[in-house]
Amino acid sequence: MTDAAAARPGHETGYGSSGYRAYVLSALLIVYIFNFIDRSIFAILTEPMKTSLQLEDWHMGVLGGLAFAIFYTTLGIPIARLAERRSRIGIIVIALSLWSLMTVLCGFAMGFMSLFLFRLMVGVGEAGCTPPAQSVIADYFKPSSRATAASIYALGVPLGGMIAGLAGGPINDYVTGDNVHALLDNWGWTWAVEMIDWKSFEGWRIAFIAVGLPGVLIAAILGMTIKEPPRGYTDPPNASGMPTERSGFVTAFKTLMKKPTYVHVVTGAAIASFAGYGIAQFSTSFLRRTHGLSLTEAALIFSLVVGLMAAIGVFLSGFLADKMSVRHPKALSWMPALGMGLSVPLYWLGYLAPTVPLMLPPLMAAALLHYFYLGPMYAVSTGVADARTRATAVALTLFAVNLIGIGLGPTLIGILSTFLKTMMLGGYDLGLTLEICKDVTGLPDAQAAACNSANARGLQWSIIVFATLYGWAALHYLWAGKTLQRDMITRSA
């Protein structure tokens with residue numbers, strides 16, 4: 001930073017040089033990518049884990065949802081309160097180290113209870129990521145750049161899920177314990193070769209170790225290279241609500257609840273998350289049932305094609321909001337509302353399309369547009385809070401979004417799909433039930449076709465119902481615009 005720039009106030013320059021701010025944001029993005037890789041890879045490896053550990057579907061449901069969500073959703077707020085008082089970078093380093101090590105240990109699990117414990121601790125670690133990270137970003141970047149910075153950080157969601165999908169399957173299918181043993185032996189790492197019986201290691205175990213270990217190294221680099229910024233450094237001198245002392249949680253909560261902008265944005269984001277997690281849980285199942293694709297083909301379509309468009313949408317949401325806020329102060333409200341509203345008919349067209357080539361264009365456009373909500377969600381969450389309560393505001397946002405999204409979305413869309421399937425089976429007048437349709441191999445052609453059709457259409461219409469909820473979420477972002485300028489403490493400068 002030049003002497004002239006250093007003499008200007010933080011809300012005009014940001015903290016540190018532009019190059020260093022870019023490095024900090026890139027580093028935090030990498031952390032968030034690993035956050036979602038380590039969170040998402042469990043779903044990719046469900047089948048080989050289930051077979052290897054001789055578990056049932058209900059075991060995998062508990063491990064994939066409840067075990068992770070118990071502490072992930074509840075510890076975010078107390079960790080955020082700690083981040084208001086202690087080093088936020090230090091908390092991120094500890095959190096990254098913890099969830100990375102626990103991901104590695106998932107590869108050594110010998111049964112349900114040990115895997116439950118490790119997944120529990122992955123949730124504990126990941127709870128300490130985003131609230132302090134968003135608070136740090138708000139102190140590094142001036143108000144007029146925060147939505148862009150927040151959206152770049154939020155790219156960790158689609159990119160992490162995409163990388164997990166592309167890495168988990170191939171590692172499980174093509175990397176063996178013999179490969180790892182030979183590699184370590186070639187490196188001359190005798191100590192590592194003798195420590196574990198690598199030749200008996202299965203692919204899913206190697207996948208957990210492969211995606212977990214880099215996080216430990218990244219945590220060390222992060223701790224040595226990123227400075228803790230002064231709290232409130234980039235807030236304008238005339239910012240309303242500047243803290244004179246540390247706020248208690250109850251005070252911070254009451255203050256946020258008095259801001260309709262925050263309430264509507266969190267409500268809209270929670271509805272969008274509910275729909276998104278529900279649809280994502282059954283996206284590959286939809287392609288297999290409706291379009292007859294293989295699991296690999298379905299994973300590639302949603303990881304690369306739709307996932308890439310979602311990443312573009314996340315970035316554009318903040319970048320365009322920052323650019324347009326100069327002339328349109330309510331851009332953080334109406335842009336995500338417009339994006340989610342337009343995504344609804346596009347999702348209808350995509351999920352009702354008769355072929356994959358006709359399905360892809362509307363789904364790609366819808367994925368790009370509906371993710372317009374994510375960057376503004378973070379920008380508003382930090383923008384309505386003062387420097388001492390920003391981590392808490394983000395933690396409360398994530399608590400609501402993840403409790404409703406992860407906790408209810410996949411479960412309720414599955415229930416709806418089963419309900420619709422049952423109704424459709426009754427309409428065929430062939431005496432079909434869910435139990436009869438569990439195995440169609442021995443059924444007459446007419447009954448087998450009816451079972452397969454009901455299975456596909458029940459899920460198809462469940463996804464369409466859930467996609468329609470983006471319209472409801474859009475309304476809340478629109479309502480947030482009525483009070484946006486009044487409630488934002490750190491307005492663009």
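**The largest cavity**

Begin by selecting Tyr 72, Thr 73, Gly 76, Glu 126, Ala 127, Thr 130, Pro 131, Ala 395, Leu 398, Phe 399 and Asn 402, which line the largest cavity of this predicted model. A cavity here is a set of points, on a 1 Å grid over the protein atoms alone, where a 1.4 Å probe fits but cannot get out, and lining residues have an atom within 4 Å of a point. The model is predicted: local features need pLDDT of at least 70 and side-chain atom pairs count only at pLDDT 80 or more, whereas totals for chains, interfaces and linings use all residues. Residues are numbered from 1 along each chain as its sequence is written, and side-chain values use heavy atoms, with hydrogens and water left out.

The search of the whole structure finds one cavity of 30 Å³ or more. The largest cavity holds about 90 Å³ of space, a volume being the space filled by probe spheres set on the points, with grid points joined across faces, edges and corners.

Next, colour helices H5 (57–83), H8 (130–140) and H21 (390–427), each of which supplies at least two residues of this lining. Helices are DSSP runs (H or I, at least four residues), numbered from the N terminus. H21 gives the largest share, four residues.

**Helix H9**

Now select residues 146–154. Eight of the nine residues of helix H9 are buried, so this helix is largely enclosed by the rest of the structure. Buried means under 20% relative accessible area (1.4 Å probe, protein chains only). Among the buried residues are Arg 146, Thr 148 and Tyr 153.

**The cysteines**

Move on to Cys 437 and Cys 451, which are joined by a disulfide with an S to S distance of 1.9 Å. The rule, a pair of cysteine sulfur atoms within 2.5 Å, gives a count of one disulfide. The torsion about the S-S bond of Cys 437 and Cys 451 is about -65°, so the disulfide is left-handed. Cys 437 lies in the loop between H21 and helix H22 (445–480) and Cys 451 in helix H22, so the pair ties together parts 14 residues apart in sequence. Cys 437 is buried at 7% relative accessibility, and Cys 451 is buried at 2%.

Finally, show Cys 106 and Cys 129. The sulfur of Cys 106 is 17 Å from the closest cysteine sulfur, in Cys 129, too far for a bond. Cys 129 is in no disulfide. Cys 106 is buried at 1% relative accessibility, and Cys 129 is buried with a relative accessible area of 1%.

Methods:
1 Å grid on protein atoms, 1.4 Å probe; cavity = no way out; pocket = protein on both sides within 12 Å on 5 of 7 lines; lining within 4 Å. Buried < 20%, exposed > 50% of the residue type's maximum accessible area, 1.4 Å probe, protein only.
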